[in-house]
Amino acid sequence: MILFSLLPGQDIGALSASRHVGSTILERLADGFSYECTCESFVDSGSGSKSADEHFSSWGAHQLTYLREGFMMVLSTRLPLIVQCLLSLFVTTSLSAPIIITRETFKTCRRGAFNGVPADCCPPKFIQGPIVDFSPKYNPSKPLRVRKALQCLTGKELTIYTEKLQRGYALMRALPDDDPRSFKRQNEIHCAYGTGPFIQNASANLTLDIHLNWFFLPWHRMFIYFHEKILQTLLKDPNFTLHFWNFDSSVTLSTSERPGCFKAGHFFPPMYLDPSKSTFEPNRTYRAFEPSRPVDLSFDATQWNPLGGVPPVFPNYTLEEQVWRNGATMYKSVVSSSNASSFIGKPFRAGDVQIVDPTIAAGNSEKWPHISVHMWIGGLMYLAQTSPRDPIFYHLHANVERIWDLWHKLGDGRADPSDPDWLDAEFLIWDEKKVMRRVKVRNVLDIKTLGDTFENVNDASWICFQNSTSTTPSNCSSTKTSMYQSRSDCHK
Ligand code: C2O
């Protein structure tokens, strides 16, 4: 079904704060007000279509009033806009070409918004100097850096890593704002790609967002790759590695016959909780500060539609129930997602209308556990315009990358898209030498070619989830298997 709404606002920026779903047309009127027309098309989100009433009931009362007033005020005078908006639902604008970010994209950067909060995060409008193509230089004879599970670092290794990480962020925070490697600018580039300030070249009104579609995984891999390079450069340590917060591991096993880390990692990493250090962030919710509270991966982003409104509620589950829910979530996200569209996300091509709604085009890799963890931490992590300002962002995303890698290893049709509109999409980002690099999606698909690999950890507790006859996944994980990297390893 189709729902139509018009939202009046103060200016284009505030308006795009109301971006919801479907096609959006902005028009600046003579009175200085602008109107956003949002034609929403409700689609089946997997558990049956939502009625408009159900959809509305998940909106805040404030948004409803806003919408009603806007509608009444505008209906009488803006008929042509309404017609144009409705028509746009039936016109396919996709050019079947990849999204390409150019100098022009930076030049036309404007104010964006996400979850109703405006975002002023345009990087400098003019890119100085050359743009250099990036292609990973894989040297099979060079040892890979091993990204490890934070919860298994102990003794000297833990002390050294914590010191380096905290020094790295202190150095990054101390860089001047005009340095693209600074902590502030790292946040800005994510914000520019993630809250609508960049627009597609073809049309002044088509935004582009690297969230909630098939760009989520490759864009963030590129971002984390250069972020890691910047930390290496600042620390003068080319082997420095961004380890991962292994939040999906809920069961501790004896490690005698398994190389790797087999310890539960579902607590907030303590190295981020020292208020005197650069890795601290005071705005996180109380949840992150409770040392024995496991993270809740089971918050369902699709129930929070459209994105925004009040922060979600996380009930207090017993440890056993939380472990069970987290296992079920991981299984649903990774094992049940048996094709690229479900795991990676749906296509987004040049000319497409951005859909800012997790129920429509986002892959399961993005929805759960990724969005759940952002929400669970809260504070700066709630919003795309601020989340990289909490340093835990990078360790969260390092784990998302590991889960992507694991998804490939599970096989059985779990493979990245072969569509050239995905592979040849191009992004621009500054590297560790402040040089602007042009990166194609195809350049970041294999973590090995970027020099990294992941320590083996206990994924069994959720890979085997469905096979478990118990209400907790512990049955599965206590079986004597070695690696648990494919379904056939379960219950050997
Ligand atoms: Cu761009 Cu975890 O988000």
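## Salt bridges at Arg349

The side chains of Asp419 and Arg349 form a salt bridge, 2.8 Å from N to O. Asp419 sits in the loop between helix H12 (392-410) and helix H13 (420-423), and Arg349 in the loop between helix H10 (340-343) and helix H11 (364-377), so the contact ties together parts 70 residues apart in sequence. This is a predicted model.

Arg349 also meets the side chain of Asp421 in a salt bridge (2.9 Å, N to O). That pair links Asp421 in helix H13 to the loop between H10 and H11, 72 residues apart. Asp421 and Arg349 are both buried. Arg349 has 17% relative accessibility.

## Other salt bridges

The whole structure holds 28 salt bridges. One of them joins Asp237 and Lys164 at 2.6 Å, N to O. Asp237 lies in the loop between H8 and helix H9 (319-335), Lys164 in helix H6 (residues 155-174), and 73 residues separate them. Asp237 counts as buried at 14% relative accessibility. Lys164 counts as partly exposed at 21%.

A network of salt bridges links Arg145, Arg147, Arg221, Glu228, Glu401 and Asp452.

## Helix H8

H8 covers residues 216-235. Its 20 residues reach 28 Å from first C-alpha to last, close to the 28 Å expected. Of these 20 residues, 19 are buried, so H8 is largely enclosed by the rest of the structure. Lys236 follows H8 and has a positive phi, near 55 degrees.

## Strands around E9

Strand E9 (residues 436-440) runs parallel to strand E6 (residues 131-133), with three bridges. Ile131 partners Met436 there.

Strand E8 (residues 426-430) runs antiparallel to E9, joined by five bridges. Ile429 pairs with Arg437. E8 and E9 form a hairpin with five residues between them. In the turn, Lys434 has a positive phi of about 70 degrees.

Methods: Residues are numbered from 1 along each chain as its sequence is written. This is a predicted model: local features need pLDDT of at least 70, side-chain atom pairs count only at pLDDT 80 or more; totals for chains, interfaces and linings use all residues. Side-chain values use heavy atoms; hydrogens and water are left out. Two strands pair if DSSP finds at least two bridges between them. Helices (H or I, at least four residues) and strands (E, at least two) are DSSP runs, numbered from the N terminus. The expected span of a helix is 1.5 Å times one less than its number of residues. Buried means under 20% relative accessible area, exposed over 50%, partly exposed in between (1.4 Å probe, protein chains only). A salt bridge is a side-chain nitrogen of Lys or Arg within 4 Å of a carboxyl oxygen of Asp or Glu.
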